[in-house]
Amino acid sequence: MADESVPQPASPQELLATMRDLTRRVRAAQRGTWFPLLVFATITLLAIPVYRYAPYLDVFGTCRSRPDQKVCPTPSPTELGYWTVALLLAYTAIAAFYIRQSRRRGVGTPIRPYVVVGVVLAILMTAVSIWLTFHPVLPPPADPFSADPAQLEAGPAGWLINGLASPLAVIGLALLVLAWVERHWALLAYTVVYLAIGMVQGNHVIRSSSPWFFLPYLLVPAAVLLLGAAAFAAFRPRTEARA
Amino acid sequence: MTTEHPANSLDDVVHQRVRLGIMTVAHQARQVEFGFLRTTLQLTAGNLGQHLTVLEKAGLIRIEKGYEGKRPRTWVALTPAGEAALRDEIAQLKQLIQQVEQAEEGTVTR
């Protein structure tokens, strides 16, 4: 009989301890933390040529021209289009990775809430960005050709709304959900640091006439994401790596 | 008025180390493959199969067989009754621990 082949535990404490240990092992087998970080690092790096070389498509008609000058007060719609598509493709790739891993390892995946929140935040980011184009946090200057945007202060509410429109913040907020579904304290701590770096960086306006002025905004988060992917891949539990 | 001792409320089908392990893994994993269960619980295929049969007959798990490529795969998932039974088992175990601790405290106080 099946029951006779295994020794019975001595106490309820032992049973609960065994259950906790099994739960921990299943969670380790379900994790694939390094992959989303690698995907986000990749799309952040791929954004560099888009920011530098993609033309400004004035689809919202916000640019003002005069014979010798053209001023476009809002971020490039091309960049917004890139991030929307890149984020949606990223979450598709992440979902496919987790499903494939789940089949290979033989355990179900809890990834659905993360992917759903990620996609919703990506769509929200696009919607907020378009809304901000027509309802800017800072009042548009009477003479757009003479205003220096770096001297204007948005205030805390403005930073919050701008944060929702920021793809890098949206990636970080969704990573909080991943930390929750994977019950991953290390990922939670990492995400808090990632978001803090993003906040500090977002509060610093780079004054430069270089066409590469945006590089720190992309290179710093990309480096943080790459380092995170490498660290989570290197330090994953043996059971997770083997499975 | 006397209350029933929590040990009497334990379900014999669930309150068994291997079957409790199967249900714990299936609960956390949502669905789990036979091979993962066998490796994690360190059982032979025959032994695991017997325990799965007991749980399936009790309506606590659902077994789905299929193929992935040419490989046969057996997936196990908890039924709603299985989820409820696991919740009850955990509650009873915690209650047992609490009663034992209270009894020990009473003995020390006396």
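1. Arg73(B) counts as buried, at 5% relative accessibility. This is a predicted model, and the points below walk through some of its features. Arg73(B) sits in strand β3 of chain B, residues 71-78.

2. What does Arg73(B) pair with in strand β1 of chain B? The partner is Glu33(B), and their side chains form a salt bridge at 3.9 Å, N to O. Glu33(B) is buried too, with 9% relative accessibility. Strand β1 covers residues 32-33 of chain B, so the pair ties together parts that are 40 residues apart in sequence.

3. Arg73(B) also meets Glu68(B) in a salt bridge, 3.4 Å from N to O. Is Glu68(B) buried or partly exposed? Glu68(B) is partly exposed, at 35% relative accessible area. That value lies between the 20% limit for buried and the 50% limit for exposed.

4. Chain A has its own charged group. Salt bridges with shared partners link Asp21(A), Arg24(A) and Arg25(A) into one network. Within it, Arg25(A) bridges to Asp21(A), with the closest N and O atoms 3.3 Å apart. Both residues belong to helix α1 of chain A, residues 12-30. They are 4 residues apart there, so about one helical turn separates them. Arg25(A) is partly exposed, at 26% relative accessible area. Asp21(A) is partly exposed as well, at 28%.

5. How many salt bridges does a search of the whole structure find? Over all chains, the search finds 5. Side chains of opposite charge can pair when their charged atoms come close.

6. Turn next to helix α2 of chain B, residues 17-29. Its 13 residues should span 18 Å at 1.5 Å a residue. The end C-alpha atoms are 18 Å apart, which agrees. The helix is mostly covered, with 11 of its 13 residues buried. Among the buried ones are Leu20(B), Ile22(B), Met23(B) and Val25(B). Arg19(B) and Gln28(B) are buried there as well.

7. Both ends of α2(B) deserve a look. At its start, a side-chain oxygen of Gln16(B) comes within 2.8 Å of the backbone nitrogen of Val18(B). Just after the helix, Arg30(B) has a positive phi of about 70 degrees.

8. Helix α6 of chain A runs over residues 167-181. It has 15 residues and reaches 21 Å from first C-alpha to last, close to the 21 Å expected. Of these 15 residues, 11 are buried, so the rest of the structure largely encloses α6(A). The buried set includes Pro167(A), Ile171(A), Gly172(A), Leu175(A) and Val181(A). Just after α6(A), Arg183(A) takes a positive phi of about 45 degrees.

9. Which residues have the most contacts inside the largest nonpolar core? They are Phe40(A), Trp83(A), Leu87(A) and Tyr114(A), in a core of 44 residues. At least two core residues come from each of α2, α3 (77-105), α4 (112-134), α6, α7 (185-202) and α8 of chain A. The biggest share is that of α3(A), which gives 11 residues. In soluble globular proteins, nonpolar side chains tend to be buried together.

10. Phe40(A) and Gly172(A) are 132 residues apart along the chain, yet their C-alpha atoms are separated by 9.9 Å. Gly172(A) is one of the buried residues of α6(A).

11. Some nonpolar side chains lie outside. Leu38(A), Leu45(A), Leu219(A) and Leu226(A) form a nonpolar patch on the surface, with about 290 Å² of accessible area together. Helices α2 (34-53) and α8 (215-234) of chain A each give two or more residues to the patch. Leu219(A) is placed in helix α8. With a relative accessible area of 38%, Leu219(A) is partly exposed.

Definitions and conventions
Residues are numbered from 1 along each chain as its sequence is written. Chains are lettered from A and ligands numbered from 1 in the order in which they are written. This is a predicted model: local features need pLDDT of at least 70, side-chain atom pairs count only at pLDDT 80 or more; totals for chains, interfaces and linings use all residues. Side-chain values use heavy atoms; hydrogens and water are left out. Patches are made of residues with over 30% relative accessible area and no salt bridge: like charges are joined within 9 Å, nonpolar side chains (Val, Leu, Ile, Met, Phe, Trp, Tyr) within 5 Å. Accessible areas come from the Shrake-Rupley method with a 1.4 Å probe; for residues, only the protein chains shown count as cover. A salt bridge is a side-chain nitrogen of Lys or Arg within 4 Å of a carboxyl oxygen of Asp or Glu. Buried means under 20% relative accessible area, exposed over 50%, partly exposed in between (1.4 Å probe, protein chains only). The expected span of a helix is 1.5 Å times one less than its number of residues. A polar contact is a pair of N or O atoms within 3.5 Å; within protein, one must be able to donate a hydrogen and the other to accept it, and residues adjacent in sequence count only if both atoms are side-chain atoms. A nonpolar core is a set of buried Ala, Val, Leu, Ile, Met, Phe, Trp, Tyr and Cys residues joined through side-chain atoms within 4.5 Å.
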